[in-house]
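Hello,

Here is the structure I promised to pass on. Please load it first, then read my notes below.

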Amino acid sequence: MDFYFPDSQDQIEPTYDFIAEERSPFRVRQRDDRYAHEIHKKPVYSGILVSKSIVDGIGGAGRYTAAQRNRLYRLGVREFFRLRDRRDPSLKSMGDCGAFSYAAQPAPPFTPDDVIDFYEGCGFDQGIAIDHVIFGYRADADTDGGAEEAWIERQALNVKLAEAFLERWRSRGCQFEPVGVAHGWSPRSYSDSVARLQDLGYRRIALGGMVPLKTLQIIECLEAIDEVRDVDTSFHLLGVTRTENVTSFASYGVASFDSTSPFRQAFKDDKDNYYWKGRTYTALRIPQVEGNVKLSARIRAGQINQGEAHRLEQRALRAVRAYDQDQASIISALSALRAYDELQGRKDLTERYRETLEDRPWKRCRCGVCTSAGVEVILFRGTERNKRRGFHNLFVFNQRLQGHLGPPRRRATPVASA
Ligand SMILES: [Zn+2]
């Protein structure tokens with residue numbers, strides 16, 4: 001099962017000083033900052049997924065400066081992301097349109113040639129056809145005919161776009177592998193889309209719009225799709241959020257998926273922030289008094305005393321670092337954390353913090369992040385620590401994935417019939 005990590009220009013600065021909380025004055029972002037695949041000794045994903053919307057800044061999705069965008073187009077995806085520097089040359093690149101960013105518009109803002117220019121110009125290994133998201137899921141629509149007109153129109157548009165994309169791919173003699181996208185609102189509508197895409201010649205098909213679906217709903221769609229699936233067709237699941245069941249989809253021909261969840265949970269989840277074998281830990285919340293939006297607002301509103309916040313913040317930092325060095329007890333670390341949490345009106349996380357501190361997973365982890373950042377990786381504090389924890393999660397997630405299925409197998413690369 002191949003795992004693709006969606007790019008959002010998330011990088012860390014390897015020389016960041018955790019004690020002074022300063023970046024190197026000599027840092028040049030594009031030269032010195034590192035992607036997740038550069039931090040770990042072994043690849044933590046099979047490849048990266050880059051969205052044209054994120055590169056071009058469509059619908060507020062932009063993560064690239066004009067200079068970065070120009071560099072990507074000039075250097076190509078392998079050199080821009082330094083994929084070619086990997087000792088393992090198998091790190092792949094997949095491009096897509098980022099359909100969620102223009103989902104509210106009546107039609108995608110790109111032509112097939114615009115998108116092919118992006119894929120071909122940047123040298124992607126695989127390129128996903130232009131698509132338009134269908135919002136809504138109703139399994140009953142298969143029997144009562146209750147599909148909305150807008151859904152049916154978008155499905156027809158998707159097939160038309162996939163046909164035009166493949167036609168241009170053929171006539172331009174493109175190098176990348178074309179990937180169709182199936183959208184639907186029910187098991188049968190998904191299987192209809194897949195059948196149409198196979199008829200057009202696609203052998204690799206992404207399944208879109210499944211983000212909000214429950215696992216059982218995804219399985220009922222995969223079962224319906226399985227009935228029309230050609231033996232050499234394989235699937236990519238776009239934007240998986242509940243990753244725990246993803247390996248069980250392999251029997252339905254799902255060969256790859258992409259997900260930001262392992263990374264984002266590091267700093268978006270209420271409690272599951274640090275992945276570990278068979279479980280997760282809660283990160284220790286010690287937000288910076290300066291730079292934390294919520295905290296700063298409450299200080300300005302006079303609800304929190306700034307001097308007191310500083311004192312408790314520094315005390316919590318000292319106590320946790322001293323505990324890490326066996327120079328303070330777990331009780332003192334927990335009480336310092338609780339005092340700072342209380343000042344911010346945060347609910348009591350003491351029992352979760354106790355587990356984190358007692359087990360000290362950061363000392364046991366051999367990943368490229370934990371071996372260099374130490375206890376700092378477990379602190380929920382600022383982007384340099386939070387992204388490092390996300391990179392650590394990618395390492396553990398990949399290990400889980402490999403453990404489920406054994407070593408990754410080489411697949412024959414299917415191409416659309418010309
Ligand atoms: Zn680690």
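A residue counts as buried under 20% relative accessible area, as exposed over 50%, and as partly exposed in between. Keep in mind that this is a predicted model.

Start with Gln-265. It is found in helix 11, residues 261-268. Its relative accessible area is 21%, so Gln-265 is partly exposed. Which residues does Gln-265 contact, leaving aside its neighbours within four places in sequence? They are Asp-272, Asn-273 and Tyr-275. His-392 is also worth a look. Gln-265 and His-392 are 127 residues apart in sequence. In space, C-alpha to C-alpha, they are 11 Å apart.

Next, helix 12, which spans residues 293-300. Which of its residues are buried? Leu-295, Ser-296 and Ile-299 are. These residues sit on the same side of helix 12, because the arc they cover around the axis is only 100 degrees. What covers them includes helix 13 (306-324) and helix 14 (330-343). The face turned away from the buried side carries Val-293, Lys-294 and Arg-300, which are exposed.

Both ends of helix 12 have something to show. Gly-302 follows helix 12, and its phi is positive, near 80 degrees.

Helix 14 also packs against helix 15, residues 350-359. The two axes come within 10 Å and cross at roughly 140 degrees. Angles over 145 degrees would count as roughly antiparallel. Helix 14 and helix 15 are therefore oblique to each other. Their crossing is right-handed. On helix 14 the contact is made by Ile-330, Ala-333, Leu-334, Leu-337, Arg-338 and Asp-341. On helix 15 the partners are Thr-350, Tyr-353, Arg-354, Leu-357 and Glu-358.

One more helix pair: helix 6 (residues 112-122) and helix 8 (residues 149-171). How are they oriented to each other? Their axes come within 9 Å and cross at roughly 55 degrees. Helix 6 and helix 8 are therefore oblique to each other. This crossing is right-handed. Helix 6 contributes Pro-112, Asp-113, Val-115, Ile-116 and Tyr-119 to the contact. Helix 8 contributes Ala-164, Phe-165, Arg-168 and Trp-169.

Best wishes

Terms used
Residues numbered from 1 in each chain as written. Predicted model: local features only at pLDDT ≥ 70, side-chain atom pairs only at ≥ 80, totals over all residues. Heavy atoms only, no water. Buried < 20%, exposed > 50% of the residue type's maximum accessible area, 1.4 Å probe, protein only. Helix = DSSP H or I, 4+ residues; strand = E, 2+ residues; numbered from the N terminus. Arc of directions from axis to C-beta. Contact = heavy atoms within 4.5 Å. Axes fitted to C-alpha atoms, helices over the stretch in contact; angles between N-to-C directions. Parallel < 35°, antiparallel > 145°, perpendicular 65-115°, else oblique. Left-handed = near helix turned anticlockwise from the far one by under 90°.
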